Amino acid sequence: MSAEAAVKIVTEHSPEEIARVKEWINTEEYKEKNFAREALVVNPAHACQPLGAQMVATGFAGALPFIHGSQGCASYFRSTFSRHFREPAAATCDAMTEDGAVFGGQNNLFEGLENAYALYKPKMIPVFTTCMPEVIGDDLTAFIKNAKLQGHLPEEVPTPYANTPSFNGSHIHGYDSMLKSILETLTEGKSIEGKCTGKLNLIPGFDGNTGNLREYKRILELFGIPYTLMADISEVFDTVCDGTYRLYPGGTKLEDAAESVNGKVTIALQKYSTTTTMKWIEETYTGEKVTIPMPFGIKKTDAFLMKLSELFGKPIPEKLKEERGLAVDALTDAHQYLHGKKFALAGDPDYLIGLVSFLLEMGAIPYHILCSRTTKKFEKEMKALLATSPFGAQGKVYINKDLWHMRSLLVTDPVDGIIGDTHAKWAARDARIPLFRIGFPIIDRVNLHRNPVVGYQGAVNILTMIANKFLDIKDETCEDQWFEMMR
Ligand code: SF4
């Protein structure tokens, strides 16, 4: 395709004018105007609520995520998951169109549920909404009740539902609402006084890294702690290729989720994506409930393991002690490649807390930290974390700003690299700095979702990715006399 055919020119500008604007958007003057922007968002570092709800729904065995809303939204969620994980993302939708928007989407929902059940025989149908039914005020509670009363869906099929309007919150809030609703539905009537399964309920939070979930499971197996990993997408979005298509390839068993209410301990590893779920669990579940940060880096992994040890009265396994030693050795051997380097970061609040903590451990400088939809509470927590280290002194936190704001920061106050998902690649390219792809979605590189970034192994993985990229850049850009065998 020719360049002319690929880009439809809407307005004509002289090459001089284009060059002038190209320069101008790199100035402090433009940055000021960019930061004064209020009514427009450009390239935000977050997705919409239903996408998070779909991730949760996918993580339960035999569950078919059901989107009440428009087909285009459903395609966006499915294609984002498919591009990130390079796996099919099974979900269905009742494809509301103009008549649904005018008369309400109840009939769409009836027909959709009936077809979905007849065709795919799911064990559970978690329902969540897109913007359209939220704008017109569809009453999901009544619609789902009516669907069962009128025989469109058997009464016994669990049908948790969540309102996930995208003009509020982001994918992490959709994750939270859907998870709470699924657990509420499955655990109803299951709480038995005095009963304890002895198990850990582990809630990973919104995490597009299947390697992280596998790492959690491996750690728990080394400890010998029985567990239920909630919304476990690791087998669903990272499946074997053996010539057989499985519509429901894995996920948390519904019986295990139902029994979770009688668990010994519930741990959430993300605070910001599990707020309402944990609040409800606090009031409903027996056993201890704890929310701790994701185990990024040595310190936070230590804290996670010590918490497990304390709660289950088990010593830290020798294997994990050895892995810690190996990770500390790897980090020490390579710390000079990160020490003093400045980083920009964009992503979800819980990931940002973990990544900043890791950078501080390495003596790197988290410099521009941007979260495109969050609260003052997060800003306060991040500032407190930065204050714990001299390497955090230069860090600035930007909340509810997008990656076009980030671009202005990068070109006016440069850093050595940026950590974020694929959306940050334009800002990175314009600023001529490397992008270290950690987060969701990563749709322009392969297999990164399989490499854990949590735990001791995760710390080594992050370090290796960053240090080697800096060394690549040095080799590619240095003058001949500095091109060395040894780095
Ligand atoms: S923001 Fe709303 S309209 Fe857009 S994809 Fe998400 S749910 Fe659909």
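## Close-up views of a predicted model

**View 1. Strands S10 and S11 side by side.** S10 (residues 365-371) runs parallel to S11, and four bridges join the two. Strands here are DSSP E runs of at least two residues, helices are H or I runs of at least four, and both are numbered from the N terminus; two strands count as paired if DSSP finds at least two bridges between them. Numbering starts from 1 along each chain as its sequence is written.

**View 2. The open sheet.** Five strands line up as S11-S10-S9-S12-S13, with parallel pairing. S11 (396-399) and S13 (435-437) sit at the edges with a single partner strand each, so one side of each has no neighbour in the sheet. From one strand to the next, the twist averages 20 degrees (axes are lines fitted to C-alpha atoms, for helices over the stretch in contact; angles run from 0 to 180 degrees between N-to-C directions).

**View 3. Helix H16 on the sheet.** H16 (residues 349-361) packs here, touching S9 (342-346), S10 and S12 (417-420); contact means C-beta atoms, placed from the backbone, within 7 Å. The directions of H16 and S10 make about 175 degrees.

Technical notes
Predicted model: local features only at pLDDT ≥ 70, side-chain atom pairs only at ≥ 80, totals over all residues. Contact = placed C-beta atoms within 7 Å.
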